[in-house]
Amino acid sequence: MNLIERHASRTIEKLAGEFPAVLITGARQTGKTTVLKKYTDEHGIESLTFDDPQEELSAKTDPKTFMEFHKNPYMFDEIQYVPDLFRYVKMSIDMNRRNGMFFFTGSQQMPLAEKASESLAGRVGILQLYPLSLREIRNDGFDVPFVPGKEYISGRFQAFKSFRYSAGETWKAVFRGGYPEIVASGIDFNDFFSSYVKTYIQRDINKITQIENELQFMQFITVVASRTGRLVNYADISRDVGISEVTAKKWLSLLVTSGLVYLLKPYSANIEKRTVKTPKLYFMDTGLAAYLTKWTNPDILRNGAMAGNFFETFVISEIVKSFANRGIDPPLYFYRDKDKYEIDLLINVDGMLYPVEIKKTATPGPSDAKNFFVLERIKQIEIAEPVIICNCSGPVVVGKGVTAVPVDWV
């Protein structure tokens with residue numbers, strides 16, 4: 001498999017210089033081990049994986065002796081199998097604290113991050129790794145978070161002057177997704193995701209909680225995938241799967257916990273009470289969502305009933321990655337009120353709100369900017385000029401102060 005340079009590599013270097021421990025967390029097969037081992041190998045740091053049952057048993061049986069045999073600096077892969085080891089890592093750090101002592105990878109991001117934060121408070125830097133971004137796939141070294149101010153747009157315009165835009169290539173990327181093994185090795189799309197989903201349920205999910213009916217949980221994942229880009233509606237999901245709303249909430253939290261789904265929060269600060277309080281859900285990999293919802297090629301997906309949802313999901317996931325790869329919690333929201341006026345994305349950075357609409361069209365016009373008037377309802381924060389992300393081949397002014405930009409600029 002060809003090694004693709006990950007933008008997160010620079011963040012790992014930064015965190016290793018700031019904290020005694022570094023934890024890389026994320027969904028299965030996103031490249032956590034590869035990106036961290038690249039760093040540790042370059043710095044001569046030994047490693048082991050708790051995927052090895054013997055190593056897992058040894059760490060659980062006598063963690064104190066285990067740590068004595070594995071002197072820092074050291075990398076522990078798949079730390080979610082032995083989360084109680086963190087307390088002994090803390091003891092080791094406190095005896096002779098310095099930066100870059102321990103490195104971990106692990107799935108089950110939320111419980112693991114919480115466990116690490118509790119045991120290693122002030123001692124661990126945590127990085128969330130998602131599947132490959134479009135920037136990484138095309139070997140674009142630009143790793144600045146997507147904040148579409150004038151400087152950002154001007155810089156991307158210069159960088160893409162000679163770029164050949166292709167909506168067809170964009171939809172290939174949407175359909176394929178960003179899992180490294182699919183992108184770099186050429187493995188069959190269906191073979192990869194079939195194995196991925198089975199392993200995810202049997203290993204990752206059952207490590208968090210016991211699922212009695214795996215087929216029903218598989219149906220649940222598929223139903224959730226069919227709702228990517230939509231408001232969460234537990235009643236609809238539970239009805240379609242044949243489970244209670246309580247179970248639907250629990251199971252969706254598992255998808256969020258394991259990094260497959262991202263919940264975009266509604267923006268509500270200083271806004272009239274008419275705004276909704278329900279989050280929107282997005283699959284973090286459109287390839288996995290396409291597999292689950294049985295789309296068979298990019299062209300059919302592009303022209304299908306879910307095209308708008310998939311394009312929006314793709315853009316949101318790319319923007320999330322642009323922040324996460326820099327170790328920044330994405331400051332992302334959306335606006336929707338009870339009159340059903342909606343703005344797809346609000347990015348809140350340094351006291352400025354950046355409004356973004358996402359449209360799959362290649363020919364944006366004034367109608368695509370019609371909802372930006374609701375920004376007048378948002379008070380006590382400065383609002384930047386709105387932007388539309390779409391399939392256009394270059395920047396287009398579609399209204400007063402509103403610019404449409406190509407999805408490749410994200």
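This is a predicted model: local features need pLDDT of at least 70, side-chain atom pairs count only at pLDDT 80 or more; totals for chains, interfaces and linings use all residues.
View 1. Rolling a probe the size of a water molecule over the atoms is what shows where empty space is left. The largest cavity comes out at about 80 Å³.

**View 2. Around the centre of the largest cavity.** Zoom in on Gly177, Gly178, Phe314, Glu318 and Lys321: among the 15 residues lining the largest cavity, these are the closest to its centre. Sorted by class, the lining of the largest cavity has 6 nonpolar, 5 polar and 4 charged residues.

**View 3. Helices that line the largest cavity.** Top contributor here is α17, with 4 lining residues.

**View 4. The largest nonpolar core.** In soluble globular proteins, nonpolar side chains tend to be buried together. Here the largest nonpolar core counts 82 residues, and the members that touch the most others are Phe217, Phe220 and Ile389. Its largest share, 10 residues, comes from α17, the helix that also gives the most to the lining of the largest cavity.

**View 5. Who sits against Phe217.** Leave out residues up to four places away in sequence, and Phe217 touches Tyr200, Ile201, Ile205, Ile211, Trp251, Leu254 and Leu255.

Notes:
Residues are numbered from 1 along each chain as its sequence is written. Side-chain values use heavy atoms; hydrogens and water are left out. On a 1 Å grid over the protein atoms alone, a cavity is a set of points where a 1.4 Å probe fits but cannot get out, and a pocket is an open set with protein on both sides within 12 Å along at least five of seven lines; lining residues have an atom within 4 Å of a point. Grid points are joined across faces, edges and corners, and a volume is the space filled by probe spheres set on the points. Helices (H or I, at least four residues) and strands (E, at least two) are DSSP runs, numbered from the N terminus. Ala, Val, Leu, Ile, Met, Phe, Trp, Tyr, Cys and Pro count as nonpolar, Asp, Glu, Lys and Arg as charged, and the others, Gly among them, as polar. A nonpolar core is a set of buried Ala, Val, Leu, Ile, Met, Phe, Trp, Tyr and Cys residues joined through side-chain atoms within 4.5 Å. Buried means under 20% relative accessible area, exposed over 50%, partly exposed in between (1.4 Å probe, protein chains only). Contact means heavy atoms within 4.5 Å.
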